[in-house]
Amino acid sequence: MDPELIRLANDIANSIAEKIRGEDKIRLRKNVGIGADGTPTKLIDKVAEDIAIEKIQESSLPVNLLSEEIGFMDFGGIYTIILDPIDGTRNAIRGIPFYAVSVAVGKDRLKDTEYGIIINIPTGDTFFAEKGKGSYLNNQKIISPQNAPKKPLYSIMMNKNLPEFIFENHVRSLGAASLELSLVATGAIDCFVCAKEYLRVTDLAAGALILREAGGYVYNAEGEELDMDLDVTERTSVIASADERLIFEIINAIK
């Protein structure tokens with residue numbers, strides 16, 4: 001894709017990470033409104049989103065913006081920046097060092113995503129992928145391990161629909177889907193599970209591309225390869241792993 005679009009996405013992600021890293025998280029806790037997705041907007045999200053809007057407006061590129069807080073901003077582009085300004089807002093404002101900025105570039109649907117970058121803000125670890133060109137962590141190529149161990153490590157979003165056998169294995173609940181998908185790509189996590197329809201395209205666009213480009217798989221709980229419109233009001237379930245067997249064990253158990 002256009003290298004200028006990739007540069008813009010990287011500039012947005014790095015600028016947000018740098019700004020938020022240096023901010024007083026207690027000050028950023030307060031609610032400042034209701035976002036386009038229907039959930040409260042924290043000041044931390046607004047500060048990050050404003051950076052993205054400013055960067056796009058300063059750019060000569062005709063590119064739209066889709067973000068959790070402001071929704072869709074039409075700048076007349078074919079491509080859209082798909083932004084989760086802070087993924088893991090609760091972690092951030094409580095001082096838990098696991099939250100990220102997620103920026104993707106696509107057209108009309110999740111599967112159209114052509115570029116994604118996710119920065120773990122507290123650590124600076126940077127995951128990125130371009131469609132057809134693989135995935136990288138800190139400029140080192142990622143190749144997902146295809147076979148999970150006998151007792152896999154699951155990262156889950158808790159709900160009553162989870163199959164009981166998951167809890168016979170190793171389980172975490174980390175609170176930042178984009179980073180969790182990225183860690184599945186590296187093999188640090190064997191499977192990410194959100195069995196209820198909860199996650200939005202802004203949570204998933206960059207992380208799904210990073211995992212798929214590393215050789216992994218992303219499905220919904222109905223057993224369909226994950227795809228959805230670029231619409232922050234639409235929500236989906238997600239089951240993701242580099243080992244397809246794990247995915248369908250969970251899907252079959254849920255059904």
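**Pockets and a strand**

Modeller: The second largest pocket holds about 190 Å³ of space. Keep in mind that this is a predicted model.

Colleague: OK, which residues are closest to the centre of the second largest pocket?

Modeller: Lys111, Lys131, Ala208, Leu209 and Arg212, out of 14 lining residues.

Colleague: And which element gives the most to that lining?

Modeller: That's α5, with five residues. Both α5 (201-213) and β14 (217-219) supply at least two residues each.

Colleague: How does the lining of the second largest pocket split by class?

Modeller: Seven nonpolar, two polar and five charged residues.

Colleague: Now the largest pocket. How much space lies in there?

Modeller: About 660 Å³. It's lined by 29 residues, and Gly88, Thr89, Arg90, Tyr198 and Arg200 are the closest to its centre.

Colleague: Where does the largest share of its lining come from?

Modeller: From α3, which gives four residues. By class, the lining of the largest pocket has 12 charged, 11 nonpolar and six polar residues.

Colleague: Switching topic: are the residues of strand β11 buried or exposed?

Modeller: Leu153, Tyr154, Ser155 and Ile156 are all buried, so both faces of β11 (residues 153-156) are covered. Leu153 and Ser155 sit on one side, with Tyr154 and Ile156 on the other.

Colleague: Which residues are the bridge partners of tyrosine 154?

Modeller: In β12 the partner is valine 171, and in β13 the partner is cysteine 191. β11 runs parallel to β12 (residues 170-172), joined by three bridges, and β11 also pairs in the parallel sense with β13 (residues 191-199) over three bridges.

Technical notes: Residues numbered from 1 in each chain as written. Predicted model: local features only at pLDDT ≥ 70, side-chain atom pairs only at ≥ 80, totals over all residues. Heavy atoms only, no water. Buried < 20%, exposed > 50% of the residue type's maximum accessible area, 1.4 Å probe, protein only. Pairing = 2+ DSSP bridges. 1 Å grid on protein atoms, 1.4 Å probe; cavity = no way out; pocket = protein on both sides within 12 Å on 5 of 7 lines; lining within 4 Å. Points joined across faces, edges and corners; volume = space filled by probe spheres on them. Nonpolar A, V, L, I, M, F, W, Y, C, P; charged D, E, K, R; others polar.
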